[in-house]
Amino acid sequence: MGEVGLRQAQEKMRAAGAADVAIRVFTHYYRLLESGQQGKIREADIEPVGDLPHLEHLDTDPDALQAALAETAVIKLNGGLGTSMGVTGPKSALPVKDGLSFLDIIARQILSTRRAYDVRLPLVLMNSFRTKTESLQILSEYEGLAIDGLPLSFQQNMEPKLLADDLTPAEWEPDPELAWCPPGHGDLFTALVASGTLDALREHGFRHAFISNADNLGATPDPRIAAWMAEHSVPFGMEVCRRTRSDRKGGHVAVRKSDGRLILRDSAQVADDETAYFQDITRHKMFNTNNLWIDLDRLAELMAGHDGILGLPIIVNRKTVDPADPASPKVIQLETGMGTAIETFEGSQAVIVDRSRFKPVKTTNDLLVLRSDVYELDEAGDLTTTHQGDEPYVDLDPEYFKILADFDARFAAGPPSLVRADRLEVRGDVAFGKDVVVVGDVEVAAPDGERRVIPDGTELS
């Protein structure tokens with residue numbers, strides 16, 4: 001049955017115009033799945049990482065900063081939709097600060113860094129077919145952002161979802177697009193090759209790429225890391241942060257005992273009986289920010305030497321073909337994570353960075369903090385804060401705040417002040433008036449079945 005399913009999937013990809021290298025990579029992971037691999041990493045096979053360099057202690061020559069940044073390109077993962085927040089378009093098009101979207105702020109960050117260091121610093125988006133048009137329209141408003149001879153975007157590959165019972169390609173008549181899925185952000189490397197973007201960057205003299213998620217506005221191209229990469233010939237660098245209780249479910253770095261290489265273990269790669277080890281932040285202390293630095297020449301060598309198959313660990317993602325319909329057929333999505341490439345590059349390194357470089361917006365909880373006075377946005381697109389200590393913890397009732405339209409309606413007069421807040425928990429249907437101030441540790445609740453309105457100017461403490 002497996003051979004039949006594989007052949008059908010290959011034919012479906014070929015008919016949809018998939019690149020040969022994308023079909024080869026899919027075939028590789030299909031055969032791994034068929035052989036029983038689930039991509040699990042056992043605790044007995046790894047050990048915690050030891051001492052790692054810190055960004056603030058990197059010893060770099062000031063002249064080297066400009067030289068290294070002149071050979072660096074910025075790649076942003078931009079395939080995500082805001083579906084978890086009830087948005088149909090690109091997540092990066094959401095207004096997040098002072099009326100500006102993620103992409104507006106990213107464009108400002110790139111242009112200001114170019115001016116500050118007198119470098120070309122190209123910006124390239126990895127889009128999905130659903131995000132390309134709207135995202136490029138936003139960027140077109142920034143004169144001089146595009147660089148002659150280089151694309152502003154390339155497209156992530158797509159692959160068939162597989163029926164869990166027989167591994168044949170799924171079909172879904174109500175919405176045929178739902179029968180397809182992206183192969184995880186590990187597809188970045190395949191898509192760079194298939195689109196010709198990797199060759200174009202190298203031909204224009206770019207040696208390194210800084211790669212990060214478009215929804216993480218703390219991920220700016222730091223010249224100190226670029227210079228450190230160049231000086232020490234680091235083929236692959238990962239920015240990591242110290243884990244806190246809120247990071248227990250995020251992927252952590254470790255050392256593989258068999259060969260001493262750094263690896264990344266994500267939650268999907270944890271055996272069911274080893275969750276406690278995975279979430280032990282006193283044992284595994286560093287998590288992956290998904291801010292990565294890659295030597296493009298070394299990447300090209302690895303891809304060419306392995307027929308385009310980098311060999312990242314498989315991630316078997318089990319879902320239903322329609323994520324919104326739990327009764328729809330069960331499917332398997334074959335995925336990889338780009339951070340897992342840390343084990344593929346010999347000599348990979350990790351560098352500790354502050355939380356200021358990790359500000360992802362995954363939920364409306366994160367969005368409220370970013371829109372509030374906890375952060376200020378300057379002309380260069382940099383976010384600064386006067387908040388003391390860790391940013392405030394926000395937990396909004398998902399029944400009333402998860403969907404962006406509902407969230408916006410309840411903060412119609414703007415977000416409350418959170419610069420003196422430690423924690424804000426909201427339960428029930430609560431709407432906030434203008435100039436509400438939160439101080440310290442605050443819980444707000446509405447009576448069952450009723451809306452509670454916090455009056456203008458209220459101080460909650």
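Buried means under 20% relative accessible area and exposed means over 50%, with partly exposed in between, for a 1.4 Å probe and protein chains only. The model is predicted, so local features need pLDDT of at least 70 and side-chain atom pairs count only at pLDDT 80 or more, while totals for chains, interfaces and linings use all residues. Residues are numbered from 1 along each chain as its sequence is written, and side-chain values use heavy atoms, with hydrogens and water left out.

**Stop 1: helix α5**

Select residues 132-139, helix α5; helices (H or I, at least four residues) and strands (E, at least two) are DSSP runs, numbered from the N terminus. Colour Thr133 and Gln137, which are exposed. On the other side of α5 from these two, Ser135, Ile138 and Leu139 are buried. These three lie on the same side of α5 because they cover an arc of only 100° around the axis, the arc being that of the directions from the helix axis to the C-beta atoms.

**Stop 2: α4 against α5**

Now select α4, residues 102-117. Its axis is 9 Å from that of α5, and the two helices pack at an angle of about 45°. That makes α4 oblique to α5. Axes are lines fitted to C-alpha atoms, for helices over the stretch in contact, and angles run from 0 to 180 degrees between N-to-C directions; under 35 degrees counts as roughly parallel, over 145 as roughly antiparallel, 65 to 115 as roughly perpendicular and the rest as oblique.

Show the side chains of Leu103, Asp104 and Ala107 in α4, which meet Ser135, Ile138 and Leu139 in α5 (contact means heavy atoms within 4.5 Å). The residues of this contact divide into four nonpolar, one polar and one charged. Ala, Val, Leu, Ile, Met, Phe, Trp, Tyr, Cys and Pro count as nonpolar, Asp, Glu, Lys and Arg as charged, and the others, Gly among them, as polar.

**Stop 3: α3 against α8**

Move to α3 (residues 62-69) and α8 (residues 223-231), whose axes come within 8 Å and cross at roughly 85°. The two helices are therefore roughly perpendicular to each other. Ala64, Leu65, Ala68 and Leu69 in α3 meet Pro223, Arg224, Ala226, Ala227 and Ala230 in α8. By class, this contact has eight nonpolar, no polar and one charged residues.

**Stop 4: aspartate 295**

Finally, select aspartate 295 in strand β14 (residues 286-295). Its relative accessibility is 10%, so aspartate 295 counts as buried. Leaving out residues up to four places away in sequence, aspartate 295 touches Arg207, His208, Met229, Val234 and Pro235.
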